[in-house]
Amino acid sequence: MRPMHTALAVLVAAVWGFNFVVIEFGLGSFPPLLLSALRFLAAALPAVFFVGRPKVAWKWVIAVGVVLGIAKFGLLFSGMDNGMPAGLSSLVLQAQAVFTAVFAAVVLKERPGRLRIAGMAVAFAGIAVAAVDEGASGPVLGFTMVIAAAACWGVSNVLTRKASPPDALNFMVWVSVVPVLPLAGLSLLLEGPERDLAALRGLDWSGVGVILYLAWITTVFGFGAWGFLLRTYPASSVAPFSLLVPVFGMSSAALVLGEGVSGLRWVAAVLLVGGVAVTSLVPAQPRAAAVAQADAHVAAQEADAKAVEQAVDAQAAEVPVPGPDPVPLPAAGAR
């Protein structure tokens, strides 16, 4: 990668890592579901009027909007609101890569090799260590919600791969439209209109800054730049930079929020990041049945080509080869 694009990839990872600190600040002013709804509202408007129509079928926009926007971010924000630390959330959420590999194996028929399975096992061991650490010092409910958010992110990744959007920014802006009203409705139902109104009435410049960072910097800039990098370079060159997200997330949470990092949490970080690295960077293999079907198709094509060649040779053998034109004899009496 060019140095400028390498710096862009690191910047996106830093933006996404610091995002968890910003969420923590936002939860001090807004209920979690309302904050998520405002984040997607600001990401969708006014960008939706400038990116053009969706470049994929509406069913994919709606499906990803529901799973990613409503389920994943609703669970993540609610988990952090229930006491899940920002730094640990940035780490545990990376389990989405493992869930993506598992769901891809089931839905997309991708067969993980032994090395990839080993990476998943190591990553899950990291989650288990993080759960032990969090269970001894924090609420289990928040941890469970963030794990569920990672699983929802894995589902949305598989749906996005099925959709194959040609323009990541266009897709993300339209996806942001979907969860706004459902999240607002859930906030009114579960968090209460009084709490929502109090938050909106108390909106100040710091609250506006939180919403704009979550919407424009994290979503519009982050996903737009990441999509540009994926269109410019192979995924194997871009994907490793996502492993920097928990590094920036945990370090910024420690510096800004004063979150401590225990010995168990460091062990969990090493196991989870290492397992995710192996799971993400080792390519999946198609299932044996798919390979056999592809081989049979190739063999059939070769057999058809050989049959055509033999038919052409046989036809050529039956056609007589024309001899030289006869030389005309002089007419009688001619000199």
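The model I am reading is predicted.

**Entry 1: the chain overall**

I began with the totals. The protein chain has 15 helices and 2 strands. It holds 335 residues, and 44% of them count as buried.

**Entry 2: helix α2**

I checked the length of α2 first. This helix covers residues 32-44, which makes 13 residues. At 1.5 Å a residue the span should be 18 Å, and the end C-alpha atoms lie 19 Å apart, so the two values agree.

Next I asked how many residues of α2 are buried. The count is 12 of 13, so I noted the helix as mostly covered, given that buried means under 20% relative accessible area. I listed the buried ones: P32, L33, L34, L35, S36, A37, L38, R39, F40, A42, A43 and A44.

Which helices do these buried residues pack against? I found α1 (3-27), α3 (58-81), α8 (168-177), α9 (180-191), α10 (193-201) and α11 (205-232).

Two packed helices are described by the angle between their axes and the distance between the axes. I looked up both values for two pairs.

I took α2 with α11 first. Their axes are 8 Å apart, at an angle of about 55°. The pair is therefore oblique. I noted the crossing of α2 and α11 as right-handed. On the α2 side, L35, L38, R39, A42 and A43 make the contact. On the α11 side I listed V210, I211, L214, A215, W216, T218, T219 and V220.

Then I took α1 with α11. Their axes come within 9 Å and cross at roughly 155°. An angle over 145 degrees counts as roughly antiparallel, so α1 is roughly antiparallel to α11. Here I noted a left-handed crossing.

**Entry 3: backbone checks**

Most residues other than glycine have a negative phi, and most peptide bonds are trans. I looked for exceptions and wrote down two.

The peptide bond from L45 to P46 is cis, with omega near 5°.

S164 has a positive phi, near 50°, and is not a glycine. I placed S164 in the loop between α7 (140-163) and α8.

I picked S89, in helix α4 (residues 86-92). Is S89 buried or exposed? Its relative accessible area is 0%, so S89 is buried. I followed the side chain of S89 to the backbone oxygen of P85, at 2.7 Å. Leaving out residues up to four places away in sequence, S89 touches F20, L76, M80, M84 and V146.

I then went to T100, in helix α5 (residues 96-107). T100 has a relative accessible area of 10%, so it also counts as buried. Where does the side chain of T100 reach? I found the backbone oxygen of Q96, at 2.6 Å. With residues up to four places away in sequence left out, T100 touches G154, N157, V158 and R161.

I looked up D133, in helix α6 (residues 114-137). Its relative accessibility is 8%, so D133 counts as buried. D133 and G263 are 130 residues apart in sequence, yet their C-alpha atoms are 9.0 Å apart. Not counting residues up to four places away in sequence, D133 touches S262, L264 and R265.

I ended on G260, in the loop between α13 (245-256) and α14 (263-281). Its relative accessible area is 53%, and the cut-off for exposed is over 50%, so G260 is exposed. G260 and P85 are 175 residues apart in sequence and 9.7 Å apart in space, C-alpha to C-alpha.

Note on methods:
Residues numbered from 1 in each chain as written. Predicted model: local features only at pLDDT ≥ 70, side-chain atom pairs only at ≥ 80, totals over all residues. Heavy atoms only, no water. Helix = DSSP H or I, 4+ residues; strand = E, 2+ residues; numbered from the N terminus. Buried < 20%, exposed > 50% of the residue type's maximum accessible area, 1.4 Å probe, protein only. Polar contact = N/O pair within 3.5 Å; in protein donor to acceptor, adjacent residues only side chain to side chain. Contact = heavy atoms within 4.5 Å. Expected span 1.5 Å × (residues − 1). Axes fitted to C-alpha atoms, helices over the stretch in contact; angles between N-to-C directions. Parallel < 35°, antiparallel > 145°, perpendicular 65-115°, else oblique. Left-handed = near helix turned anticlockwise from the far one by under 90°.
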